[in-house]
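What follows is a walk through a predicted model. Keep the sequence and the coordinates open while reading.

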Amino acid sequence: MSNEIIDKLSSALKSAEGKLSSASSESDIESVRIELLGRNGLVPALSKDMKNVPPEQRAETGRAFNEAKEKLQKLLDEAKERLGPSSVSGAITDVTEPGRRWKIGKKHPITLVIDDCVAIFRRMGFIVAEGPEIDTVYNNFDALNTASDHPSRDPQDTFYFGDGRLLRTQTSPVQIRVMKSQEPPVRIVAPGRCFRRDTPDATHSMNFHQIEGLYIDKGVSMADLKSILLAFGREFFGPGVGIRLRPHFFPFTEPSVECDFSCVMCGGKGCRVCKNSGWLEISGAGMVDPNVMKAVGYDPEIWSGYAFGMGIERLAMIRYRINDIRLLYDNDKRFLSQFN
Ligand code: PHE
């Protein structure tokens, strides 16, 4: 038996078969699907005419619908399979394209400098100690023999929490933490982040890094301090570097010095970087003040020692010829990817 609907279905199937066998893209296939099975397609339209089909033909017509849909789906699937996976997704595989490079991140220049400093001091027998960026006013100032009217304690210079804590202004409080937690001898370096209320400019940043050194033993002298600073300078900047010590003041060392390294740019002749002096100011240092020893319970009659602190950003800027400290904090990949 046959009726108009069954005839239309079978001729639609035939034309679909023809179109699909010559389909060359996913969109060709898709347009056949929409034409027949889509919401406004032929098959849904024909099924609306079912109500006009005489009852004795309904079962057969219904079967014809099911068969047509099944057949169509099969034809669509086969056509897709024939086009292959890359055409189905619409992408063309260029087999000559080079593989994608898996980029491995690089260390930040500040991390590079810290790693180098730590490696140099470890070779000389120092171990690494760390302290928190939020420390107590006591550890950052009082225990370090810093009088309550010392200018560095000014709220203009230091970030206070108002509850006896602050953002440490230097890595020197790690000296206190280490000495309080162990008996001498002590030989540590403490790298880390520090904070000061500075207005940012080419050489100032509100957060920056230092590396602290502390050596406590019997009979430690200024000569030991000088030799370690010189050894560090030669390892870090190169064998030609010389140092000089200038008298200075720090509350927690006595005597205190400022340690300069001969300018690595001009070899000491004088240039723009060293402001024609031939020297670069690198480190504050000195012999640990007896008052600091007393604050941590060490007997200054038995023990002596030195301490030093260096600015990591300054070391990085000199080593990599960076003329603005802010470049280190901009997170600009074009800048950061230059360092290895
Ligand atoms: N903490 C000092 C500063 O930030 C540096 C320093 C460290 C000086 C250790 C002496 C001894 O300037």
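A residue is called buried when its relative accessible area is under 20%. By that cut-off, the buried residues of helix H6 (residues 109–123) are Pro 109, Ile 110, Leu 112, Val 113, Ile 114, Cys 117, Val 118, Ile 120 and Phe 121. An α-helix has 3.6 residues a turn, so residues three or four places apart point the same way. The length of H6 can be checked too: with 1.5 Å a residue, its 15 residues should span 21 Å, and because the end C-alpha atoms lie 21 Å apart, the model agrees with that expectation. Just after H6 comes Gly 125, whose phi is positive, about 95°.

The next element to consider is the sheet. It is open and built from 7 strands in the order E1-E4-E5-E9-E8-E7-E6, with mixed pairing. Strand E1 (127–128) and strand E6 (243–250) are its edges, each pairing on one side only. Helix H8 (residues 173–181) packs on this sheet, where it touches E4, E5 and E9, and its direction makes about 40° with that of E5.

Within the sheet, strand E4 (residues 186–195) and strand E5 (residues 207–217) are antiparallel and joined by 10 bridges.

Now move along to strand E8 (residues 279–288). On one side, 8 bridges join E8 to strand E7 (residues 253–262), and the two run antiparallel. E8 is also joined to strand E9 (residues 304–311), again antiparallel, by 5 bridges. Gly 284 of E8 illustrates both pairings: it is the bridge partner of Glu 258, and it stands opposite Gly 309 in E9. How many of the 10 residues of E8 are buried? The count is 8, so the strand is largely enclosed by the rest of the structure. In a regular strand the side chains alternate between the two faces of the sheet.

Finally, turn to a pair of helices. The axes of helix H2 (residues 26–37) and helix H4 (residues 55–83) come within 10 Å and cross at roughly 170°. Angles over 145 degrees count as roughly antiparallel, and H2 and H4 are therefore roughly antiparallel to each other. From H2, the contact is made by Glu 26, Ile 29, Arg 33, Leu 36 and Leu 37; from H4, by Lys 69, Leu 72, Gln 73, Leu 76, Ala 79, Lys 80 and Leu 83. By residue class, this contact of H2 with H4 has 7 nonpolar, 1 polar and 4 charged residues.

Notes: Residues numbered from 1 in each chain as written. Predicted model: local features only at pLDDT ≥ 70, side-chain atom pairs only at ≥ 80, totals over all residues. Heavy atoms only, no water. Buried < 20%, exposed > 50% of the residue type's maximum accessible area, 1.4 Å probe, protein only. Helix = DSSP H or I, 4+ residues; strand = E, 2+ residues; numbered from the N terminus. Pairing = 2+ DSSP bridges. Axes fitted to C-alpha atoms, helices over the stretch in contact; angles between N-to-C directions. Parallel < 35°, antiparallel > 145°, perpendicular 65-115°, else oblique. Contact = heavy atoms within 4.5 Å. Nonpolar A, V, L, I, M, F, W, Y, C, P; charged D, E, K, R; others polar. Expected span 1.5 Å × (residues − 1).
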